[in-house]
Amino acid sequence: MFAIYKKELSSYFNSALGYIIMALYLFFSGYFFYFYCFLRESNGVINVVSNMITIVLFIIPLITMRSFAEEKRQHTDQALMTAPISLNEIVLGKYLSAFTLYAICNVFYLFYALMLITIVPGTSLDWLHLLWAILGSLLIGAALLATNLFFSSLTEHQIIAAVLGLAVGLMVMLYEAIVSIVEEFIGAIFNTTYTAVVIDKFSFTTYYEDFISGIVSPVGVVFFLSWTAFFLFITNRMLDRKRWA
């Protein structure tokens with residue numbers, strides 16, 4: 001697995017992709033940092049993490065779009081599938097390399113916090129709150145990376161994998177509105193005050209907001225880790241089917 005991990009991680013930085021992703025993350029997070037911590041004159045590094053979720057939803061598909069799609073396009077997937085390593089190692093190696101790149105981007109938040117207390121003397125930060133917010137960012141990123149890795153295993157076209165990932169990002173961002181529309185629609189048909197309790201439990205943003213508020217929700221941790229494990233599992237099954245095909 002380490003060989004796959006090392007190869008995939010180095011591929012991000014042997015091409016422009018890794019630097020583009022980090023540059024995008026730095027640009028938008030830097031803008032939010034300047035806006036909330038200087039224009040509004042507040043120590044709102046938490047606000048930076050909170051608002052970056054919208055950007056993250058669209059950056060993550062760029063990280064994973066080439067994971068398996070590029071292997072298929074270059075016809076190197078057969079050599080990969082017949083290598084003397086398990087599918088679990090292949091999937092985990094590619095996934096962990098993508099997560100490492102994403103985690104590196106999240107380190108920027110710590111630099112912003114250090115920069116703030118250095119530039120503005122007397123500024124106090126709730127470091128524990130900031131760490132919980134970053135943990136929430138890492139968890140939601142982990143779940144979305146696993147989802148988009150699955151999409152990359154479905155096609156040989158990076159653009160299609162990215163578009164599917166962007167569609168998921170839009171659904172995550174608009175999930176509350178979608179659930180509200182479903183509730184109103186069912187309520188209008190059956191003349192009842194229907195509440196989508198089960199559907200509401202799949203709201204990424206609800207769990208994410210708990211971490212942003214400084215609350216480490218065990219339910220949220222389990223939700224994101226379970227989502228991650230599920231999509232890594234079905235990615236493994238998809239590759240296994242293709243190997244035998």
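**Inside the predicted model**

Reply: Cys105 has a relative accessibility of 0%. Buried means under 20%, so Cys105 counts as buried. Keep in mind that this is a predicted model.

Me: Is Cys37 buried or exposed?
Reply: The cut-off for buried is under 20% relative accessible area. Cys37 has 4%. Cys37 is therefore buried.

Me: How many disulfides are there?
Reply: A disulfide needs a pair of cysteine sulfur atoms within 2.5 Å. By this rule, the count is zero.

Me: At what angle do the axes of α2 and α7 cross?
Reply: Two packed helices are described by the angle and the distance between their axes. Helix α2 covers residues 17-39, and helix α7 covers residues 108-119. Their axes come within 11 Å. They cross at roughly 35°.

Me: What is the handedness of the crossing of α2 and α7?
Reply: A crossing is right-handed if the near helix is turned clockwise from the far one by less than a right angle. Where α2 passes α7, the crossing is right-handed.

Me: Which residues does Ile59 contact, leaving aside neighbours within four places in sequence?
Reply: Ile59 lies in helix α3, residues 45-64. Its relative accessibility is 5%, so Ile59 counts as buried. With those neighbours left aside, Ile59 is in contact with Ile21, Leu24 and Tyr25.

Me: How far apart in space are Ile59 and Met22, C-alpha to C-alpha?
Reply: In sequence, Ile59 and Met22 are 37 residues apart. In space, their C-alpha atoms are separated by 9.5 Å.

Me: Which residues does Asn106 touch, not counting those up to four places away in sequence?
Reply: Asn106 sits in helix α6, residues 87-106. At 2% relative accessibility, Asn106 counts as buried. Beyond those sequence neighbours, Asn106 touches Tyr25, Ile134, Ser137 and Leu138.

Conventions. Residues numbered from 1 in each chain as written. Predicted model: local features only at pLDDT ≥ 70, side-chain atom pairs only at ≥ 80, totals over all residues. Heavy atoms only, no water. Axes fitted to C-alpha atoms, helices over the stretch in contact; angles between N-to-C directions. Helix = DSSP H or I, 4+ residues; strand = E, 2+ residues; numbered from the N terminus. Buried < 20%, exposed > 50% of the residue type's maximum accessible area, 1.4 Å probe, protein only. Contact = heavy atoms within 4.5 Å.
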